[in-house]
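Dear colleague,

Please find below the structure that I am handing over to you. My notes on what was found in it follow directly after.

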Amino acid sequence: MYPVAFDYLEPRTLQEAVELLEKWGENASILAGGQSLIPLMKLRIARPRYLIDLNRIPGLSYIREQDGCVHIGALTRHVEIEESSVVREKIPIMQEAVRVLADGQVRNLGTIGGAIAQADPAGDWGPVILALNARIKCLGPKGGREMEAMDFFTFAYTTALQPDEVVTEIAIPAPSAPRLGTYVKLERVSGDFAIVSVAVQIDRDKDGICRDIGIGLGGADDRPIKAVPVEALLRGQKLSPKAIDIAARRIEEIASPISDLRGSQEYKKEVLKVIFRRALERVIERASPTTGGSR
Amino acid sequence: MLREINVKVNGKDYQVKVEPRTLLIHVLRDTLGLTGAHIGCVVGKCGACTVLWQGRQVKSCMVFAAQTAGTEIVTIEGLAEDGHLHPLQQAFWDTDAAECGYCTPGMIMAAYGFLLRNPHPSENEIKHAIAGNLCRCTGYRNIVEAIKKAAIELQGGKSHG
Ligand SMILES: Cc1cc2nc3c(=O)[nH]c(=O)nc-3n(C[C@H](O)[C@H](O)[C@H](O)COP(=O)(O)OP(=O)(O)OC[C@H]3O[C@@H](n4cnc5c(N)ncnc54)[C@H](O)[C@@H]3O)c2cc1C
Ligand code: FES
Ligand code: FES
C-alpha cells in the first residue's frame, strides 16, 4: 500500500522544523509517531507533499517534574508515559488511561503530542489533559506560546494550532490528591477508540467536601470537552448520591455526541451518564478511609 | 526520489534504496526477501506485520522504511539460533498455538518484545500484550499458554537452552 509520493525531510532542530513548516505551509505535515498520519496517508486521505520527521530532533522526549507541574515533551511515546515512575507517583490517572489506549505496538510509537494534535474526538489524552487543566506549549515562526487545553481543541480533528506551529510540550499541574483520579473508557473491543470516556480528578477536604474537580469527556461532542458547568456544580459540594444524580443529568444535557459506527447520539448520551457515574463512584471509593484514604 | 539507507536486520547490515513512501514491511518482504512478517490489513489493525524496531515491537506497516535509516530491526527470521527454535517458537509448536499460522510471526514478535521488558508476566498482562494481534483460528487460548510457557523457559525455569 503506497501513499502519494512525498519528500521526506529530517530537520535536526525545532527551529529548522518550524522554518520548513513556514516554507511549505499546508503542503507539509509533521511526522511524530506516525500511528495516525501513516494510515491516513496510505488511504490517501492525507496527501502531504513534504513530510517533516521530528524524530531526529534531540530533546523532544522527556518527562520531568518542575514547579508543581509534570512537563511532558511532545515526542514522548505513550509507552514512556506508561513506564514513567514520575507519572505513576504524581499523575496515576495518566497511567490508567494509557493502559487502555490502543495496543502495545501502537503505544511503542505513538506520541502524546501527535495524539493531541490529531484531536480525535474519541482519543484518550484529550479528556485526561482537560480534567487536569494542562497547558499546551507550541513553537512557531513568531516564537513560543501556551494554550489552555480547553482552548486547544476546536473541532473534530482540528486544533487552535497554526499550520506553521509545532506542539513542543504538555505541562500538567500535578494534582494535589494524585490517587483521586480515574479514567473510565467504554470501548467495543480492546484497543479501539472510545465510544465514550470520562476522566475525573478531584480534591476533597477531610469532611468530604469537594474542594476541586476536573472532568474531561471523550466521545461526547465533536471534540474532547471539559465539563465546566458540571465542575462548577460539584465544587464545594459533598459528593452525595443525590449530587451525583444531578451532575449525571447535567452531563447528559451538555453532551452532544456525533452518531457514528460506534453508536448513535442517543446511545452515547445514555452510556456517558453511566460511565460518568461509574468514574465518580470509583474516586469516592478511593477517597474513603476503608480503602486506604486519600493521600 | 530514491534514497539510500543502511539498516541492520537480524544482525546483518544492508544497504537499500527506497522511495520515502515505501513502508518498512514492503522493504522487508520485497527487497530483502524476509517474508516472515506477514501483511494482513496494512492499516495497523491486525499485528501480522509486527517486528522489533530499536528494541520495541512495532507494526511494520505503520513505519516508513526511510525512518529506519541507521537503526536495527529484528524479524521472526532472526529468532532461531543455529537451527534451534527460540523458546517462544518452540512453545508455540508444543502447545499447538498455530493453526493456519498467518498471525503467528506477528504474535511471536509481539510476545518477544513484550517479554524483553516484562520477563515475569501474569496471564492478564500477556493477554493485554497481544491485544494488537488478531488470530482468526485459535481462539487465543493456546497462544496465551505458549507465551506463559516460553516466559518460564526464558527464565531458566525448566531447562537451560
Ligand atoms: C490500531 C490503532 C488504535 C488506536 N487506538 C487509540 C486509542 O484507543 N486511543 C487513542 O487516543 N488513540 C489511539 N490511536 C491513535 C494513537 O494514539 C496515535 O499515536 C496518535 O493519535 C497520534 O500520535 P502519533 O505520534 O502517532 O502522531 P502522527 O500520526 O505522527 O501525527 C498525527 C497528526 O498530528 C500532527 N502532529 C504530530 N506531532 C505534532 C506536533 N508535535 N506538533 C504539531 N503537529 C503534530 C501530524 O502532522 C498529524 O497530522 C490508535 C492508533 C492505531 C493505529
Ligand atoms: S498488516 Fe500491519 S497491522 Fe495489519
Ligand atoms: S493461526 Fe490462523 S490466524 Fe492465527
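**Findings**

Of the 161 residues in chain B, 52% are buried. Please bear in mind that this is a predicted model.

**Chain B as a whole**

Chain B contains five helices and five strands, and along the sequence these follow the pattern β-β-α-β-β-β-α-α-α-α. The radius of gyration of chain B is 16 Å, which agrees with the value near 15 Å that a compact globule of 161 residues would have. Along the principal axes, the C-alpha atoms of chain B fill a box of roughly 50 × 30 × 25 Å.

Among the contacts in chain B between residues at least 6 apart in sequence, 57% join residues at least 24 apart. As for the surface, chain B exposes about 7600 Å², of which carbon and sulfur atoms supply 49%. The chain carries 16 positive and 15 negative side chains, and the centres of these two sets lie 7 Å apart.

Strand E3 of chain B, residues 50-53, is covered on both faces. Thr50(B) and Leu52(B) lie on one side, Val51(B) and Trp53(B) lie on the other, and all four are buried. In general, side chains in a regular strand alternate between the two faces of the sheet.

E3(B) pairs with two strands. With strand E4 of chain B (residues 56-59), the pairing is antiparallel and runs over four bridges; here Thr50(B) stands opposite Lys59(B). These two strands form a hairpin with two residues between them, and Gln54(B) in the turn has a positive phi of about 50°. With strand E5 of chain B (residues 72-74), E3(B) is again antiparallel, joined by two bridges. In that pairing, Trp53(B) has Ile73(B) as its bridge partner.

In helix H1 of chain B (residues 24-31), Leu24(B), Ile25(B), His26(B), Val27(B) and Leu28(B) are buried. The cover over the buried residues of H1(B) includes strands E1 (3-9), E2 (12-18), E3 and E5 of chain B. Just after this helix, Gly33(B) takes a positive phi of about 70°.

Thr104(B) belongs to helix H3 of chain B, which spans residues 104-117. Thr104(B) has a relative accessible area of 11% and is therefore buried, the limit being under 20%. Leaving aside residues up to four places away in sequence, Thr104(B) touches Phe92(B) and Ala98(B).

**Strand E5 of chain A**

Turning to chain A, strand E5 (residues 69-73) is largely enclosed by the rest of the structure, because five of its five residues are buried. Cys69(A), His71(A) and Gly73(A) point one way from E5(A), while Val70(A) and Ile72(A) point the other way.

E5(A) is joined to strand E4 of chain A (residues 63-66) by four bridges, and the two run antiparallel. Ile63(A) has Ile72(A) as its bridge partner in this pairing. E4(A) and E5(A) form a hairpin with two residues between them, in whose turn Asp67(A) has a positive phi of about 50°. E5(A) also pairs with strand E10 of chain A (residues 166-173), in the antiparallel sense and over five bridges. There, Ile72(A) stands opposite Ile170(A).

**Two isoleucines of chain A**

Ile251(A) is found in helix H11 of chain A, residues 241-254. Its relative accessibility is 0%, so Ile251(A) counts as buried. Not counting residues up to four places away in sequence, Ile251(A) touches Ile215(A), Leu217(A), Ala227(A), Val230(A), Leu272(A) and Phe276(A). From C-alpha to C-alpha, Ile251(A) and Gln95(A) are 25 Å apart in space, and 156 residues separate them in sequence.

Ile258(A) is found in the loop between H11 and helix H12 (265-287) of chain A. At 37% relative accessibility, Ile258(A) counts as partly exposed, because that class lies between the 20% limit for buried and the 50% limit for exposed. With residues up to four places away again left out, Ile258(A) touches Pro121(A), Asp221(A), Asp222(A), Gly263(A) and Lys268(A). Ile258(A) and Ala156(A) are 102 residues apart in sequence and 9.9 Å apart in space, C-alpha to C-alpha.

With kind regards

Terms used:
Residues are numbered from 1 along each chain as its sequence is written. Chains are lettered from A and ligands numbered from 1 in the order in which they are written. This is a predicted model: local features need pLDDT of at least 70, side-chain atom pairs count only at pLDDT 80 or more; totals for chains, interfaces and linings use all residues. Side-chain values use heavy atoms; hydrogens and water are left out. The radius of gyration is taken over C-alpha atoms; the globule rule is 2.2 Å times the number of residues to the power 0.38. Buried means under 20% relative accessible area, exposed over 50%, partly exposed in between (1.4 Å probe, protein chains only). Contact means heavy atoms within 4.5 Å. Accessible areas come from the Shrake-Rupley method with a 1.4 Å probe; for residues, only the protein chains shown count as cover. Lys and Arg count as positive and Asp and Glu as negative; His and the chain ends are not counted. The place of a charge is taken as NZ of Lys, CZ of Arg, CG of Asp or CD of Glu. Two strands pair if DSSP finds at least two bridges between them.
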